[in-house]
Every structure is written in C-alpha cells, then in structure tokens.
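Here is a short report to read beside the model. Keep the sequence and the 3D view open as you go.

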Amino acid sequence: MTNTQIEKPKIAEPHHPPTTWKTYFTFSTDHKVIGIQYIVTSFLFFLIGGIFAMIIRGELITPEADLVDRTVYNAMFTMHGTIMLFLWTFPVLVGLANYLVPLMIGARDMAFPRLNAVAFWMVPVFGIILMASFFLPGGPAQAGWWSYPPVSLQNPTGNLINGQFLWLIAVAISGVSSIMGGVNFVTTIVKMRAPGMTFFRMPAYVWAVFSAQIIQLFGLPALTAGAVMLLLDLSIGTAFFDPAKGGNAVLFQHFFWFYSHPAVYVIILPVFGIFSEIFPVYSRKPLFGYKVVAVSSLLIAGVSGFVWVHHMFASGTPAWMRIVFMISTMFVSVPTGIKVFAWVATIWGGKLRLTTPMLFALGGLIMFVFAGITGIMLSSVPIDIHVNNTYFVVGHFHYVLYGTVTMGMFAAFYHWFPKMTGRMYYEGLGKLHFWLSFIGTNLNFLPMHPLGLQGMLRRVASYDPEYAFWNVIASIGGFLLGMSTLPFILNMIGSWVQGEKAPDNPWRAIGLEWLVASPPPVENFEEIPVVISEPYGYGKSEPLTANLEKQELIKDLN
Amino acid sequence: MKIRNILILIGCAIALTGASLWMGQQAYSWFPPQAAAESKLIDELFSFLVSLGTFIFLGVTGTVTYSIIFHRAGKYDTSDGPPIEGNITLEVVWTTIPILLVLWIATYSYNIYAEMAIQGPMEAMHIHTMASAHAATMESTTEPIEKIEVLAKQWAWVFRYPNQNVTSTELHLPVNRRISLALQSADVLHGFYIPAFRLKQDIVPKQTIDFEFTPIRPGKYRLRDSQFSGTYFAAMQTDVVVQSIEDYNHWLKTAATQKPTPANNQAANEYTQKIKGAFTSGYPTVIPAPPPLVNFPS
C-alpha cells in the first residue's frame with residue numbers, strides 16, 4: 001500500500017534544517033516531528049499528574065482528611081492514575097518508538113504517516129476533554145482509574161455530562177488512538193525494514209516495541225468496548241454492569257483487566273528495549289544472548305494474554321481460576337528473568353562509563369529487580385488476598401512505573417537527546433537529576449510496602465494513626481521526587497537552546513540511527529542502508545551496513 | 001586461581017544465604033498480630049518468599065555493584081570490552097532455575113491456599129468435600145457457630161446474628177471457632193478485610209458470598225472496607241472483638257435485650273458537618289445511608 005513511500009525518488013537535503021519550532025504545532029506527518037510532539041505533550045501531562053500526586057501525598061502526611069475534602073481527594077487519585085497512564089506513560093513510549101523505530105530499521109517514515117499524525121492529535125484532544133471535567137459542577141471522575149461499577153455509575157449530580165462521562169469518552173478515544181498506533185507500528189516493522197535487516201538483525205528495542213504493539217492490537221478492543229458499555233450504562237440506562245438492573249459488576253473487571261494488565265507489558269517492554277540498547281553502548285560489549293532477549297519479548301507478550309485475573313483474586317473468583325492465573329502470572333518471571341540476567345552479563349567485564357543515561361538505566365534495573373520480586377509475592381494467591389488493594393500493591397507498581405519505566409524513559413531522553421536535537425545535554429545537571437530521582441523514588445515508594453503489609457488500603461483519604469510514620473517518609477520522598485524534575489526541565493530547555501553542538505554519533509554507538517546526521521534529515525536516509533550484520537557489534541570491528549559507514553568510523557571501532 | 005574463584009563464590013553464596021534467611025525471619029515482624037489460623041500460614045509463606053527474594057535481589061545487585069566498582073573504563077580508554085555474545089550453558093541454567101523456582105513457589109502457595117480453603121462464592125457448595133479445607137481450623141474443639149450476616153452499605157457495616165436476632169455495628173466473634181459469614185452489599189462493591197486475619201473478600205451487590213475463617217487470638221482488631229466504595233470509603237471501618245465463647249454468649253444475650261438505637265457513623269457525621277480547615281470543592285456526593293439502628297451500637 002504505502003510502500004510507495006520508500007520508492008519515492010525524493011532526496012533529502014541534509015544541510016537544510018529539517019524543522020523549526022513552528023513545525024511542532026502543525027499536522028506534520030514526519031515521524032520524528034510526531035515523536036517529539038508525543039514526548040513533549042505527554043511530559044506536560046506528567047507534570048500535571050505529578051502535581052496531583054503531591055496533593056495526594058500532602059493529604060496523606062497526616063492521618064486525618066484535612067487538606068482537601070474527600071471528594072477532591074478521590075478526584076485527585078482518579079485523575080493522577082488516569083493521566084499518568086493514558087497521558088504520560090503510553091503516549092511518551094509511543095513518542096519514543098515513533099522517533100526511533102523507522103530510524104532503527106532503516107525506513108524513511110512510518111507505514112501510514114497520516115494515520116500516525118491523526119493518532120497523535122487525538123492525545124491533546126482527549127487530554128483536554130479529561131481536564132475539562134474539572135470545570136463541571138460535579139468535578140472530575142472519582143471512581144479511581146479502574147472505574148469499577150457500580151461506584152462509577154453513581155452520578156450524584158444527575159447531569160448527563162458528568163466527570164465519569166468525560167472520563168469514559170477520553171479513555172475510549174485514547175483506545176482508538178492507541179489501536180491506530182498499534183496497526184502502524186506492526187505494519188512498519190513487518191513491512192518497511194531496510195534490505196538485509198532481517199528479524200534477527202533488528203535491535204532489541206524494535207523487538208520490544210513490536211511485541212508491545214501486538215498486545216495493543218489484541219487487548220485494547222476489550223478495554224475500549226468495556227468503556228463504551230459502561231458509558232451506555234451511565235448515560236442511557238443499559239444494564240451491562242449495573243447489578244441493580246440485573247447486570248454483572250464483575251464482568252466489567254474482566255473487560256478492564258483483560259487489557260489493563262497486558263498494558264503493563266505494553267509499558268514495560270519498550271523500557272526493557274531501552275535497557276537493551278543502553279547497557280551495550282556504555283559497557284562497550286554486545287548484548288548478551290541477543291536472540292534470546294529478543295524472543296523473550298514476544299514470549300512475555302504471549303503470556304500477558306493469560307494473566308489478567310490476578311487482579312481479581314479477592315473479587316469473588318472461583319478457586320480453580322485463582323490457581324490457574326497464579327501459575328500463569330508467575331511464569332512471566334521466566335522470560336523477564338532471562339532479560340535481567342542478560343543485562344547483568346552484558347555489564348559484567350565491560351568497560352563501563354557512568355554517563356547520565358547509564359546511571360538511569362542501572363538505577364532502573366535495580367529498582368525493577370525489586371519490583372519483580374514483590375510482583376512474584378503478589379501473584380501468590382494467599383499473599384495477594386492479604387495485600388490486595390493495600391499500599392503494598394501501590395508500592396509495587398510505582399517501583400515498576402516510576403522506578404523502572406520513568407527512569408528508563410529518562411535514560412532514553414538523555415541517550416537520544418543529541419540525536420533528536422543536535423545538541424549535547426549538561427552532564428552535571430543530568431547526574432543531579434538522577435540522584436534526586438533515585439533517592440526520591442525509594443523514599444517515596446519503599447515505605448508503602450510495610451504500610452501495605454500492616455493493612456493500609458489504597459485510595460484512603462484518612463487512616464489510623466498507627467500508619468503515620470511511614471506516610472510522613474513517603475510524603476517527603478514524594479515532594480523530593482517532584483523537585484527532581486526541575487533540573488531535568490532546566491537541562492532539556494537549556495541544552496536545546498544553547499547546548500554544545502552534537503556530532504552524529506557522540507556515544508560511538510552502533511545502530512542505524514547513529515549513521516545519520518543529528519538531527520536526522522526529513523527523509524532520514526539519503527540512501528537506504530543495506531544491513532550486513534547483527535546489532536551490538538561492540539568489540540568486533542565489523543561494519544553494520546554495506547553502504548553508509550565511512551572509513552573513519554570503522555577505524556574508530558578498532 | 002580456579003580453586004580460589006570457586007572458594008570465593010562458595011563464600012559469597014554462604015553469606016547471601018545467611019543474609020536471606022535472616023531477612024526471612026525479620027518478615028514476621030512486618031505484619032499485624034496473627035489473630036486467625038490463616039494468618040500463620042500466610043506469614044510462613046511470605047517469610048519464605050522474602051528469603052528467596054532477598055537472595056535474588058542481593059545476588060543481582062551485588063553483581064551489578066561489583067561491575068560498577070571494578071569494571072569502569074579509564075578516562076581515556078576508548079577501547080571496547082570483550083565481544084562475548086552469549087553462553088548457551090549459562091542461558092540454559094538461568095532459564096531452568098527460574099522455571100523450577102516458579103514451580104516450587106506455585107506448589108507451596110497452592111498447598112497453603114488449600115489449607116486456608118478461602119472460598120470464592122462458587123466454592124460454597126463444595127466446601128465440605130475438601131479434605132484439607134479444615135486443616136487450619138482446630139476442628140476438634142469447635143462446632144461451627146451460627147452463620148453471621150454481614151451487610152455493607154455506603155458507608156457502614158451492620159452485623160446480624162439471626163438466632164438471637166441481634167444487630168450490631170461491631171463484629172463480635174468467639175475465639176477458636178470456625179466462623180461462617182454471609183456477606184452482602186446493599187449498593188456498590190465493598191471489601192471485607194481484617195488485616196490481623198490476613199483475609200479479604202470483595203462483596204458483590206445482589207450476591208451472598210459465604211466466607212469462613214477461624215480467629216485464634218482474643219483482642220480488638222480493625223475491619224476495613226477494602227474495595228473503593230465512593231466518597232467516605234476510608235471512613236468505613238469498625239472494630240472486631242474476638243472473645244472467649246462464654247464472653248461471646250454473654251454479649252449476645254445482653255445485646256438481645258437492648259432496644260435498637262442509632263449507631264455512631266463517621267460518614268453520616270462528616271456529611272452533616274464539614275471538616276474544618278479542609279479545602280472544599282462543593283462537588284456533590286452520594287448521600288451516606290442514615291446511621292444504622294442496631295441493638296449494639298459501637
């Protein structure tokens with residue numbers, strides 16, 4: 001279909017600046033512009049979600065509900081979760097993948113550039129719809145980001161247009177946008193690889209994005225359908241999920257988690273991909289067991305379709321279901337463990353350089369190991385029955401979503417910043433950012449584990465005084481984490497405006513994206529590369545392509 | 001040289017195992033008191049997982065830390081590391097060991113689960129056919145007491161003892177008896193959760209869920225709503241009093257003579273008088289149910 005894109009005899013002009021700042025506010029079909037549009041938009045929402053988190057931590061610094069009223073508190077955690085997932089984590093990862101995948105596989109753009117732009121522009125649209133709910137008389141949705149009925153169907157304002165209504169519209173649009181993205185990524189990776197770029201010559205990051213987007217394709221329709229059915233229940237009085245009218249409230253939980261657990265792998269897989277890119281570069285060694293690491297992403301995607309009931313162990317599920325889903329959930333740890341051990345073996349005996357991206361990746365790896373261990377604990381039915389819906393779970397998934405995913409995202413931002421902007425970032429500010437976020441994350445989320453074991457439930461605005469000690473520490477960590485983004489913002493804006501000019505390949509990294517100019521020209525490659533070897537050829541001094549590499553680069557590798 | 005390396009590895013493994021076992025023992029102190037037969041089983045399983053987890057965590061982070069300290073590139077060293085691309089033996093080992101560990105953890109968890117015999121609603125019919133179901137219940141000393149009805153509503157707990165027709169907002173239970181509850185919700189999803197018992201079950205509207213357990217330690221514990229139920233969710237808590245069978249029977253008899261009076265209800269109180277100092281939005285809320293009328297208001 002759009003393979004014609006490749007054959008177009010357009011030749012990019014490398015000396016012409018590809019974009020001005022105004023380009024980023026247009027309906028551009030350049031995957032690099034769209035990638036940065038995604039990243040910047042979602043980062044703005046990350047800041048909003050972060051402010052909500054600090055209001056939550058402010059409320060929880062004392063046992064009483066005394067900072068905001070309970071309805072406001074409920075709106076805060078609902079919006080915090082919704083924004084952090086649907087408007088930060090998902091879009092920022094799609095943004096990075098948008099930027100990198102075509103460059104890494106040697107394509108000039110995504111398979112469907114216009115669809116790509118449409119999918120992006122839906123993000124600000126549903127972001128605004130969601131934020132608009134603050135201006136309704138009833139305020140935003142207050143049923144948590146799961147929106148379990150019947151609570152989500154209770155509508156105390158009685159208005160047709162209420163917070164929950166806008167929330168569901170936003171989630172449905174987000175689902176459609178992500179499905180579009182999924183179709184685009186899968187097609188691009190299957191169809192648009194450069195000559196010689198076989199599947200087992202693709203970087204592990206591309207494998208990870210491929211696996212993640214396959215999950216989007218089979219999982220998202222369930223969530224989107226669930227959201228639409230809930231919307232019908234809420235506004236026109238159907239009875240899919242309302243027990244008062246004969247509906248089944250637990251059915252919604254199946255719809256919701258059938259996607260929303262695999263969604264965790266949609267989120268974590270690209271971050272695993274980032275780790276697989278970054279460790280070899282800064283250890284100067286090939287990725288250990290590359291093929292197994294690549295295939296383990298697909299394995300995780302496969303298993304992820306059979307684990308969702310582990311969110312419902314306390315929901316009134318029969319015993320056989322609990323046991324089956326316990327075992328399937330535990331098996332996720334096998335391909336995941338393969339990756340972790342492979343990264344450790346990659347680092348081992350290398351020539352490590354602790355730059356900012358490497359620090360973020362190492363910090364992310366350590367916190368991920370911790371999150372993985374608590375994850376196994378949670379999959380065990382008897383333990384889950386005690387800690388389900390407590391702060392133990394909240395601590396666990398924040399170690400995943402901040403400790404691993406957000407740390408991995410920062411690693412990626414710093415690593416590819418010179419490529420994206422043509423400028424170098426400031427190393428000192430980057431390291432300050434790392435230490436503040438590493439300490440802040442642990443201070444914020446580690447105390448949640450003892451709180452959960454003691455029985456403190458999530459989503460509470462007030463709690464018994466026995467929980468005060470750990471909550472104070474968590475809140476201090478939360479505020480520190482909030483402050484940790486300041487050096488990052490300063491660094492990114494300052495470096496983009498007046499940073500040192502970046503060479504094409506400042507890290508001496510191996511990969512197609514490092515063979516083009518920084519920032520890359522509009523059509524990426526003047527000449528489509530012909531790939532002749534596997535990725536990660538560190539220490540092997542063999543060229544990656546038959547036509548793009550200059551002699552001095554090869555000399556450089558020796 | 002080779003022998004030295006092996007000795008160092010063995011030394012590290014012993015140190016790691018020691019640290020992990022110690023950590024596993026610490027785990028018991030992270031929980032509330034063990035007030036139900038089930039809580040002992042869960043704490044034991046958790047302690048085992050903490051030991052195992054500590055071993056893995058220290059093993060991985062120890063290796064990474066060693067690399068960070070000893071495998072750094074010199075300032076002007078631009079050379080690459082050894083181009084090692086993999087090692088089949090190593091990869092087979094680190095795939096097989098996790099598989100075996102997973103099977104071990106799953107079997108252990110399953111056994112504990114079978115001993116606890118926590119029932120999902122669909123298991124209620126089969127409970128008496130499960131031989132292991134009462135293993136943790138000290139059956140010999142007990143005759144099951146009457147089934148207590150638990151009603152959850154926005155935002156109050158009401159307990160009804162049908163034989164004496166006693167209602168209460170505080171849950172009284174005899175110690176060392178198999179307790180049988182019938183959980184019901186009047187409106188939305190709620191969760192029945194007593195941290196000291198390590199037990200939790202969601203309550204689904206229009207369904208009656210049977211739930212059994214055995215308290216083993218007299219005392220006062222907290223019962224909390226564990227499934228988000230709307231505005232005053234956090235305030236939906238009450239006390240559970242575990243007492244000797246004599247005290248329990250005495251309490252039932254006295255309560256039966258009391259006239260029903262409205263119980264103190266935090267959600268209703270807060271709704272009528274706004275909390276001072278808090279930022280209020282004026283967002284409307286579902287109106288709390290009126291304070292329940294019970295024989296024994298807590």
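## A residue to start with

Is B:F211 buried or exposed? B:F211 has 0% relative accessibility. Buried means under 20% relative accessible area, so B:F211 counts as buried. Keep in mind that this is a predicted model.

B:F211 sits in strand β8 of chain B, which covers residues 209-213. Now look along the chain to B:Y221. In sequence, B:F211 and B:Y221 are 10 residues apart. In space, their C-alpha atoms are 18 Å apart.

## Paired strands in chain B

Find strand β9 of chain B, residues 219-225. Strand β6 of chain B, residues 190-194, is joined to β9(B) by 2 bridges. These two strands run antiparallel. Across this pairing, B:Y193 stands opposite B:R224 in β9(B).

β9(B) also pairs with strand β10 of chain B, residues 237-243. This pairing is antiparallel too, and it spans 6 bridges. Here B:R222 stands opposite B:D239 in β10(B).

## Chain A as a whole

Chain A has 18 helices and 0 strands. How does its radius of gyration fit a compact globule? For 558 residues, such a globule would have a radius near 24 Å. Chain A has 23 Å, so the two agree. Its C-alpha atoms fill a box of roughly 70 × 50 × 45 Å along the principal axes.

Of the 558 residues of chain A, 68% count as buried. Take the contacts between residues at least 6 apart in sequence: 82% of them join residues at least 24 apart. The accessible surface of chain A is about 17,400 Å². Carbon and sulfur atoms account for 72% of that surface. Chain A carries 29 positive and 26 negative side chains. The centres of these two sets lie 6 Å apart.

## A buried serine between helices

A:S380 lies in the loop between α12 (356-379) and α13 (381-387) of chain A. Its relative accessibility is 0%, so A:S380 counts as buried. What does A:S380 touch, not counting residues up to four places away in sequence? In chain A, the list holds A:M326 and A:M330. In chain B, it holds B:L45, B:L49 and B:S109.

A:I473 is found in helix α17 of chain A, residues 468-498. At 25% relative accessibility, A:I473 counts as partly exposed. Beyond its neighbours within four places in sequence, A:I473 is in contact with A:L443 and A:P447.

A:P519 is 46 residues from A:I473 along the chain. Their C-alpha atoms are separated by 43 Å. A:P519 lies in the loop between α17 and α18 (551-557) of chain A.

## Backbone details

Which residues does a cis peptide bond join? One such bond joins A:P149 and A:P150, with omega about 0°. A:P150 is in the loop between α4 (113-132) and α5 (163-191) of chain A. A cis bond also joins A:S518 and A:P519, with omega about -10°.

Positive phi values come next. A:R284 is not a glycine, yet its phi is positive, near 55°. A:R284 lies in the loop between α8 (262-283) and α9 (290-303) of chain A. With 2% relative accessibility, A:R284 counts as buried. A:R459 is not a glycine either, and its phi is about 70°. Its loop runs between α16 (448-453) and α17 of chain A. A:R459 has 8% relative accessibility and counts as buried.

Notes:
Residues numbered from 1 in each chain as written. Chains lettered and ligands numbered in written order. Predicted model: local features only at pLDDT ≥ 70, side-chain atom pairs only at ≥ 80, totals over all residues. Heavy atoms only, no water. Helix = DSSP H or I, 4+ residues; strand = E, 2+ residues; numbered from the N terminus. Rg over C-alpha atoms; globule rule 2.2 N^0.38 Å. Buried < 20%, exposed > 50% of the residue type's maximum accessible area, 1.4 Å probe, protein only. Contact = heavy atoms within 4.5 Å. Areas by Shrake-Rupley, 256 points an atom, 1.4 Å probe, with all protein chains shown as cover. Lys, Arg positive; Asp, Glu negative; His and termini not counted. Charge placed at Lys NZ, Arg CZ, Asp CG, Glu CD. Pairing = 2+ DSSP bridges.
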